[in-house]
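Q: Please take a close look at one loop of this model. Where does it sit, and what can be said about the parts around the rest of the chain?

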Amino acid sequence: MRAQNVVNRRRRLSIALSWVSAAGVVALLAASAALGQASPTPAPTDVTNGIVFAVARTPSTTYLAGDFSEVGPRTGPGVGIDAVSGRSVGLPEVSGGSAVIDAVARDGSGGFYIGGDFTHVGGLACRDIAHIRADGSVDPGFVPDADGVVSALAVSGSTVYAGGQFTSIGGERRNRIAALDASTGRATRWNPDAGSWVAALAVSRSKVYAGGYFTSIGGRSRNRIAALDISTGRATGWNPGADKAVYALAVSSSKVYSAGAFTKIGGRARHYIAALDRKGHATGWNPNANHTVRALAVSGSTVYAGGGFSSVGGRSRRHLAALDASSGRARAWNPNVGGQRMVAALAVSGRTVYAGGNFTRIGGRSRSGVAAIDASGRVTSWDPSANGRVLALAASGPTVYAGGGFSSIGGVTRDNLAAIDNASGHVTSWNPGANGWLWTLAVSGSTVYAGGTFTEIGGQSRNFIAAIDGSGHVTSWNPDAVSTRPDFRGVWALAVAGSTVYAAGDFSSIGGQARENIAALDSATGAATAWNPDANDLVRALAVSGSTVYAGGTFTQIGGQSRNRIAAIDASSGLATGWNPNAAGQVWALAVSGPTVYAGGAFTSIGGQSRGNIAALDASSGLATGWNPNAGAAVHALAVSGSTVYAGGDFTSIGGQERGDLAALDASSGLATGWNPAANGTVYALAVTGSTLDVGGNFTSLGLVPQAGFATFP
């Protein structure tokens, strides 16, 4: 159940994109070289910070297209960063679950405790909480095995305090808060039993301070903030009572600084940030932020605050500020985070403040997700460049540990289009860049054809379709697709056969001619040929085999005939052949292998038989064969290699087995093989080339490997 919840949580974007096609997947995938079955472990290639919808491989290069903005080395969502160089120091990879780290705390000996939503660290099963020792190894003795997200950590002596959304941790029933033995990971008898999510923790002498969303904790009614006796776990009389969530806590001397979404705390109006005295009353310290405060750090007489605000401490301060610990006034220190962004994590080491969040610019400099600011408020040259949001930071000696929702640090900007060198696995200098999503790719010689929703690519105006050369320059080839519909417009599928480029999607004209949703284009001029099947709705999948062009989508008429969502079209006349599987539902992926046409999508019957989202169709009759893997949810991508059919999509079961979004099926029986990479998010693209299987999608990990967006299986 937990595994399914994790998959569902990471599918939020995938559900919103349920109309997205695997388009680039749909080119002909004949098994010219019998790959057999791929390795279950992906090669250590670079990863993306977003979705890969299409992949296309040449002998030297693999091209990626989708919705991403960075490509870089695989690190996973947690990484140790050298405090001087900004480079990864090679700590164990975190993977599984949602592959997110929400909390990190120093262990006092050069290592770190980490918490979040993950299943493995360095290959060791460590659900949601783990200890990385100073030597870079994972502590095999500390395995509390939480059954839910760990979002807050604090260390005091030989005890690790954890807060989050779990109900079991350290071998005991513990609701959302627990004390763990720092050596064994076992839960102690301390058990405050929080009624809801604990999002923040801080320890000071005899008390553990907790903040979050709860209204009861430590055996008492406590609204979102409480002080717990460090021995008994009982709530003390300290009771500030926040009216909304508390996200961050920091203790200094006799004050407890709190931050969150509240507008009242400690008996006074306090907007998003406050200082509380020993009695739980709000002091006169009142920076009065104008929006949520997410992170706090105290250093001497300064309180650093990060969040979504644009003013705090009586001054304009965008998302990050230094506040006088006595007056609450904002100091001159002002890094000025650009845009509508959020600072979600802070750590102070000496005279350096480390900030993490989802920003792309700070202090007038380009910084992705994480930055270092000096005592004057200037951003330093330290630039790890995370490819996603940074949610947790801790500095220990020469190492800064960063955790969050990223998959890489040290990457480069690539707007929706990139090339990976097949030999090294790293991104190349090829960088056309597109201003919209790309759904599909096709390669012919040194030319890469791209389709999507873009209107500019490689610095040139191109509507939905373009050709790019090996150096990354857009060629003069310009079919200029036009669509009048605002929703699914664009080119969703491409296939190349000889001197013809077949294009499909949602458009009303292309190549200088009126063409409804499907067309054939001259590969030299970009002009539409006379071939004109004229589909009455979206075409999102193409496959070419000999003199036949197979099409799938949402159409009900194509090639002059009534055809429900799947058809075979004569490559010469543009007319539909007699082949008519008649799908009850949408067809999103096609692959041809000899006498068989494989179809995937969201359908319940096809070829005259009940079939759940995947089927094998006789290429002559259009009837479904006995092959019936019965996918539990949509299939977005298909690829064939010898006796194996690879399937990708949203499913959690296929071929009679539990499989997370990616599976290998026996081409004879339809049963799932033992190959099980266990993707934690939707797979949209599959391509078999020679001895390699390439995979693209919305995943952030494959089994025990934090491979995000793109993977290669040898």
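A: Strands are DSSP runs of E with at least two residues, numbered from the N terminus. G110 lies in the loop between β7 and β8 (112-117).

The model is predicted: local features need pLDDT of at least 70, side-chain atom pairs count only at pLDDT 80 or more, and totals for chains, interfaces and linings use all residues. Residues are numbered from 1 along each chain as its sequence is written, and side-chain values use heavy atoms, with hydrogens and water left out.

Start with exposure. Buried means under 20% relative accessible area, exposed means over 50%, and partly exposed is in between (1.4 Å probe, protein chains only). G110 has a relative accessible area of 33%, so this residue is partly exposed. Next, its contacts, meaning heavy atoms within 4.5 Å. With neighbours within four places in sequence set aside, G110 touches A134 and S396. T554 is another matter: 444 residues separate it from G110 along the chain, and their C-alpha atoms are 58 Å apart.

Now go to the other end of β7. A99 is in the loop between β6 (94-95) and β7 (100-106). Its phi is near 55°, a positive value in a residue other than glycine. Most residues other than glycine have a negative phi. A99 has 3% relative accessibility, so it counts as buried.

F464 is another case. Its phi is about 75°, positive although F464 is not a glycine. The loop that holds F464 runs between β44 (460-461) and β45 (465-468). F464 is buried because its relative accessible area is 5%.

On a 1 Å grid over the protein atoms alone, a cavity is a set of points where a 1.4 Å probe fits but cannot get out; lining residues have an atom within 4 Å of a point. Points are joined across faces, edges and corners, and the volume is the space filled by probe spheres set on them. The count is one cavity of 30 Å³ or more. The largest cavity holds about 40 Å³ of space. Ten residues line it, and the closest to its centre are P77, A99, F406, S407 and T700. Ala, Val, Leu, Ile, Met, Phe, Trp, Tyr, Cys and Pro count as nonpolar, Asp, Glu, Lys and Arg as charged, and the others, Gly among them, as polar. By class, the lining has four nonpolar, five polar and one charged residues.

Then the strands. Two strands pair if DSSP finds at least two bridges between them. Strand β16 (residues 177-181) has four of its five residues buried, so the rest of the structure largely encloses it. Five bridges join β16 to β13 (residues 159-164), and the two run antiparallel. Within this pair, Y161 stands opposite A179.

Further along is an open antiparallel sheet of three strands, in the order β17-β18-β21. Its edge strands, β17 (198-204) and β21 (225-229), each pair on one side only. Its twist averages 25° from one strand to the next, with axes as lines fitted to C-alpha atoms and angles from 0 to 180 degrees between N-to-C directions. Strand β18 (residues 207-212) pairs with β21 in the antiparallel sense over five bridges. K207 has D229 as its bridge partner in β21.

Three strands form it, open and antiparallel, in the order β27-β28-β31. Five bridges join β28 (residues 302-307) to β31, where L320 is the bridge partner of G306.

Definitions and conventions:
1 Å grid on protein atoms, 1.4 Å probe; cavity = no way out; pocket = protein on both sides within 12 Å on 5 of 7 lines; lining within 4 Å.
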